[in-house]
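Hi everyone, thanks for coming. Let me put the structure up, and then I'll walk you through a few of its helices.

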Amino acid sequence: MTASTRRNLIAAIVVLFALTVVLQVRIDPTVADMNQGRKTPFAGLSTEFILGPLLGMQQAVAGLLWVRADEFFHEGDYDAILPMVRIVTWLDPHNLDVYITGAWHLAYNFTDSSERSDRRYIPAAQKLLEEGDANNPGVYDIAFELGWQNTDKIKDYVRAHYWYKKCAEERKGMDERGELTQPVPMFVWHQLAHSLARLGRIDECIAVWRKALAMSTEIVRKDPKDYSKRNVRDSERHNLELTLKRKFSRYQHEIDWELDGKLTKGIDPITGEPRPRDSYLFLNQDEIQRKLEQFKIVGETPPPMAVGQPRPPAVVPKWETAFDVRPTFTADKVLELKGRFNVGDGARVTIRLHDEDWRPPQLKEFTFDIDQNVTLMQDQHSVRQGTWGRKIDMSKDPKMYSFKSPYYFLVFEFDPRGTSPFVHDRFGWSGEGMTDKKYLWEEKEKDPPNRILRKVYRISRAQVLRRTPITEADVFPTAKYVELQTQAQGTRSE
Amino acid sequence: MVTLAIAKQTLEDMLRRKILLILLIVAVAMIALGPSVGFLSPRESSAVLRSLGLAVILLAGLLITVLTGIQVIPTEIERRTVYTVLSKPVQRYEFVLGKFLGGLFTVFVMIASMGIVFIGVLRYQEGRFATEMIQGVMMTFFQMTLLGALAIFFSTFATPVVNFFLSFGLFIVGNMSAVTESLLNNKNVATRLIAGAVHYAIPNFGNFNIQNKLIHPQVVIKDMNVFIMQNIAYALIYSAVLLLLAIIVFDRREV
């Protein structure tokens with residue numbers, strides 16, 4: 001090779017190398033996009049797994065770790081799963097199932113010996129899902145899971161509605177290739193409607209059912225032989241009619257459901273009035289008498305009522321619930337409850353015991369390390385024939401119930417928004433038909449306002465350890481409790 | 001023509017190597033066993049199968065490329081067959097290019113075989129031809145093209161053992177492009193300079209890792225086709241740089 005040839009080759013090398021730098025500068029932003037949410041290739045990995053990511057096989061290592069985590073799940077070793085969830089989401093931030101399953105583990109599977117969830121993990125579960133949602137914009141799955149967890153586990157219907165709305169209006173479903181080209185499944189819209197009902201926003205709920213029904217009708221028109229799609233449409237029609245009927249019965253004129261099942265099935269989808277009109281008229285004097293007795297119980301003056309005239313709505317007159325409870329620690333950390341509640345069988349009372357200074361934490365980023373010193377217990381109990389009560393043994397799980405705080409709040413609650421339709425039939429969606437001489441609390445900050453029942457005790461550690469009994473002098477004002485609970489709460493990601 | 005003749009001879013020679021065939025058989029077997037992870041949910045199972053399949057192709061491709069790249073020239077020198085070849089009307093650059101192309105054809109045959117089996121397994125598992133996986137297999141091939149050129153360049157002056165570690169080491173460093181790229185914004189000037197030098201000077205193998213998009217198709221990458229073309233151009237141009245360097249070094253080498 002001559003010197004000039006070599007010089008030319010070196011010049012060519014310099015030019016070509018400069019080209020690679022230019023290309024690299026153009027490639028970098030796309031690579032950064034693809035790596036969104038991913039930590040360093042080997043973050044948190046033990047030595048046997050490091051080589052894979054170093055060779056550019058993060059996804060494969062993430063897949064193998066997830067297979068191993070699945071084995072741990074079947075072995076019941078839930079503690080081992082959490083670090084793996086963290087590492088897998090670092091290695092492969094687009095694996096939706098890892099976020100969803102990991103958050104489910106956190107929120108549901110850590111329990112005490114009586115199968116009560118360790119609710120200290122719930123903020124972590126929420127944060128993990130929020131991180132997953134941020135790393136996978138456009139995908140509906142994780143937003144839906146956030147909605148569901150808030151509905152089913154946390155009973156925070158405001159946040160549930162926020163996520164379902166986001167999910168229904170801003171997200172996409174995947175086609176068979178896994179690309180985001182499809183509208184979200186109809187069940188997302190269904191959950192959005194249910195969440196609005198839980199918030200007492202019934203007109204908006206009805207509007208969503210109408211919208212879902214219109215969409216499904218169009219889907220069925222295009223594919224009339226698909227019976228699963230027809231089933232979906234029929235369930236939407238049923239839910240729309242049922243909501244219209246319930247709204248009518250609870251807030252306009254009470255429907256006599258016993259009159260004739262066939263007659264009251266019909267409803268005008270436009271006016272929301274049941275067909276025939278007979279179903280909400282007083283048909284005889286006995287019916288009027290029964291209604292009069294309800295007014296008498298609560299000491300209200302009844303409106304004029306006559307045969308052939310419409311009945312007052314179900315929420316009129318208000319129903320005295322006579323809610324109360326007597327808690328006793330019968331042994332160290334063993335709480336026994338005896339309560340009464342004048343409501344239909346099956347309504348559930350929520351029982352919560354937590355450190356006096358505990359507030360729902362607002363995590364800045366996901367961590368599964370929880371404060372082991374916090375005591376937070378939550379349970380529910382059903383009412384049977386006007387009474388309720390149970391024994392809650394917290395002595396067997398010192399890791400969950402450390403009782404390190406000097407004082408605790410013991411809270412008993414009934415929130416009509418989280419209850420069953422048969423209770424709504426009497427109280428309305430937001431407790432409009434419910435009253436209580438002692439423990440009624442109106443959540444005026446909500447829209448529409450919600451009427452709940454709440455009795456709060458402030459108890460000491462000595463009382464938990466049965467050194468002194470709990471008395472009615474320990475009852476704490478609900479207004480002050482609410483004020484304390486809303487203090488020092490940060491804002492969530494939305 | 002001389003270059004192609006050398007390439008053909010190299011390909012035939014490489015395909016006779018038992019070690020490469022064993023690697024291919026093991027890799028194909030691993031891909032074929034992929035559906036055995038089917039106890040997960042369908043979506044998880046699909047993700048694991050895809051990620052493992054692509055990883056096996058990458059790992060096997062890596063070993064095949066390095067083993068081929070570090071041997072093709074030193075073996076000729078060791079066996080002294082290089083004297084016979086270079087005593088004929090064969091230019092040294094033709095020899096280097098022929099050896100590179102021969103090695104590249106070998107890698108192509110191996111990766112294509114694994115790719116066909118992989119897509120076949122996905123067809124069996126998912127009931128459709130996952131044609132998008134061709135992109136992943138293709139990107140692995142171009143990644144290996146660049147690695148092969150690097151190994152050929154080192155083989156012009158380094159022993160096979162040294163070459164193995166050099167190629168392998170640079171592959172690992174080049175795979176950490178996400179790290180070096182993030183260090184480009186570091187507050188420390190020295191760190192920025194070193195990261196910049198590593199990021200732009202060392203072949204950036206991390207560019208080719210598009211597995212995430214293929215495993216999770218919901219990930220939206222703007223101008224995916226442009227990105228793939230940029231990477232192919234990067235692989236070809238950088239390989240050309242390395243081959244030119246190899247030609248210059250080999251030209252001055254006494255054999």
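How many of the 13 residues of α9(A) are buried? Ten of them are, so α9(A) is largely enclosed by the rest of the structure. Buried here means under 20% relative accessible area, with a 1.4 Å probe and protein chains only.

A quick word on the model: it is predicted, so local features need pLDDT of at least 70, side-chain atom pairs count only at pLDDT 80 or more, and totals for chains, interfaces and linings use all residues. Residues are numbered from 1 along each chain as its sequence is written, chains are lettered from A and ligands numbered from 1 in the order in which they are written, and side-chain values use heavy atoms, leaving out hydrogens and water.

Back to α9(A), residues 186–198: among its buried residues are W189(A), H190(A) and L192(A). Their cover includes α7, α8, α10 and α11 of chain A. Just after α9(A), G200(A) has a positive phi of about 75°.

Now chain B. The buried residues of α1(B) are T3(B), I6(B), A7(B), T10(B), L11(B), D13(B) and M14(B). They cover an arc of only 165° around the axis, taken from the directions from the helix axis to the C-beta atoms, so they lie on the same side of α1(B).

Finally, a helix pair: the axes of α6(B) and α11(B), lines fitted to C-alpha atoms over the stretch in contact, come within 8 Å and cross at roughly 15°. That makes α6(B) roughly parallel to α11(B), a label for angles under 35 degrees.

Methods: Buried < 20%, exposed > 50% of the residue type's maximum accessible area, 1.4 Å probe, protein only. Helix = DSSP H or I, 4+ residues; strand = E, 2+ residues; numbered from the N terminus. Contact = heavy atoms within 4.5 Å. Axes fitted to C-alpha atoms, helices over the stretch in contact; angles between N-to-C directions. Parallel < 35°, antiparallel > 145°, perpendicular 65-115°, else oblique.
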